[in-house]
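The structure is shown first.

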Amino acid sequence: RAKEKGRNNFQFFTEDMNKLAKETLFLENNLRKAIDNQELALHYQPQVEIVSGQIIGMEALVRWHHPKLGIIPPNKFIPMAEETGLIIPLGKWVIHTACHQNLQWQKAGLSPGKVAVNISPRQFRQSDLVKTVAQALAASGLEAKWLELEITENVLVDDLTPTIAVMEDLNTMGVSLAIDDFGTGYSSLNYLHRFPLSKLKIDQSFVQSIGEPMGKHAIVEAIIALARALDLEVIAEGIENQTHIAFLKRHGCRYGQGFYFSKPLPQKAFEQFLLRAQQPQHTHPENP
Ligand code: C2E
Ligand code: MG
Ligand code: MG
Ligand code: MG
C-alpha cells in the first residue's frame, strides 16, 4: 500500500511538474527569440527628491511585449531568465539600452539624472559584469556617474572578498550601487559598512504599511537612521499616497519613488514627463 501511495504521489507530482515545465519551456523558447525580435522594452519610473519634487533619476524596468500574450511583467520571466542563464544576454541588453537612452535624453536637454538598472544575483556573480558595464558605457558614451546598479541583499551574503572586489571595480569606474528591497533579505548588518554602497532602497512593503494599524513604521524609521549612520543615501520605494509622504518627510527620508509621483512609463511618456517637469509653471503634487 505504501508503494501504491508513493506512486500516486509521484504521479501527482509529475503532472504538476509537467505543466510547470511546459510553461517554463514555452516562455524560455520565446524569451530567447524575444531579445533578437525586439520584443523587450524598458519602462522608466522617476526618482524624486521628496521636499523639492526635483527628479534625481529614474529606474529602468524591463517589459516583454509578447506578440500573442501581450505585456508580460518581469516577475513572470526574470526568475526563469535567472535559472536558465538567459538573464546574461537579457541583462546586457537592459544595461546597453538604459545607458543609451539616458544619454539621448541628456543630449535633448531633458536632465534625466541617473539611470538605475536592476542587476540580478546571477548577473552580479558572472565574471564579466564589470566588462559588460564598461562596454555599455563606452558604446553609449554615457558618463559612469549617470549609472547606478541596483542589487539585492542576496548578493551581500556571498563570499565577502570577491563581492567587495566587484563593487570596488564598479566604484572605481564611477558607477554607484544601491541595495534594492532593503530589509527583506538576510544580509548581515554586521557587514553592511564594509560594502562600497551609495544608497539603500526601503522596500515597498514597509513603505506601503505606513498609516496602517499594524504598519512597520519602526522599521522604516530604523532604515532611515541606519542609512544616516552609515552615510548612505536613502530612497523609499512604492510611495502611493500623502500619508506615506508625510511620514517619510517627517523622518528625514530624502528621496522617493512610487505611483504617487508616477507609474513606470514607456519611453515616449517618460520623455513627456521630463518635459513637463522642466516647465516653470510645473507644480508638484505636493504644492498644487
Ligand atoms: P524592483 O526593482 O523592486 O522594482 C520596483 C517594482 O515596484 C516595479 O515593478 C514597479 O513597477 C513597482 N512599483 C513602483 N512604484 C510602485 C507603487 O507605488 N506601488 C506598487 N504597488 N508598485 C510599485 P515591476 O516593474 O513589475 O518589476 C518587478 C521586479 O522585477 C523589480 O523589482 C526587479 O526586481 C525586477 N526587474 C525589473 N526589471 C528588471 C531588469 O531589467 N533586470 C532584472 N534583473 N530585474 C528586473
Ligand atoms: Mg529595483
Ligand atoms: Mg525594489
Ligand atoms: Mg523587487
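## The β1–β2 hairpin

Strands β1 and β2 form a hairpin with 5 residues between the strands, where G53 takes a positive phi near 80°. Helices (H or I, at least four residues) and strands (E, at least two) are DSSP runs, numbered from the N terminus. The two strands run antiparallel and pair over 9 bridges; two strands count as paired if DSSP finds at least two bridges between them. Within this pairing, A41 stands opposite R63 in β2.

## Basis of the model

The model is predicted: local features need pLDDT of at least 70, side-chain atom pairs count only at pLDDT 80 or more, and totals for chains, interfaces and linings use all residues. Residues are numbered from 1 along each chain as its sequence is written, chains are lettered from A and ligands numbered from 1 in the order in which they are written, and side-chain values use heavy atoms, with hydrogens and water left out.

## Other partners of β1

Strand β1 (residues 40-49) is also joined by 2 bridges to the antiparallel strand β10 (residues 265-266), with H43 facing P266. A further 2 bridges link β1 to β9 (residues 255-256), again antiparallel; here V48 is partnered by G256.

Of the 10 residues in β1, 9 are buried. Buried means under 20% relative accessible area, exposed over 50%, and partly exposed in between (1.4 Å probe, protein chains only).

## The magnesium ion (ligand 2)

The protein donors of this ion are E59 (OE), N118 (OD1), E150 (OE) and D180 (OD), at 2.0 to 2.2 Å. Donors are N, O and S atoms within 2.8 Å of the metal (3.2 Å for Na, K and Ca); water is not among the atoms, so sites may look incomplete. Along the chain the donors follow the spacing E-x58-N-x31-E-x29-D. E59 lies in strand β2 (residues 55-66) and D180 in strand β6 (residues 176-182), so the pair ties together parts that are 121 residues apart in sequence. E59 is buried at 4% relative accessibility, and D180 is buried at 7%.

## The magnesium ion (ligand 3)

D180 bridges ligand 3 and ligand 2, two magnesium ions that lie 4.2 Å apart. D181 is partly exposed, with a relative accessible area of 27%.
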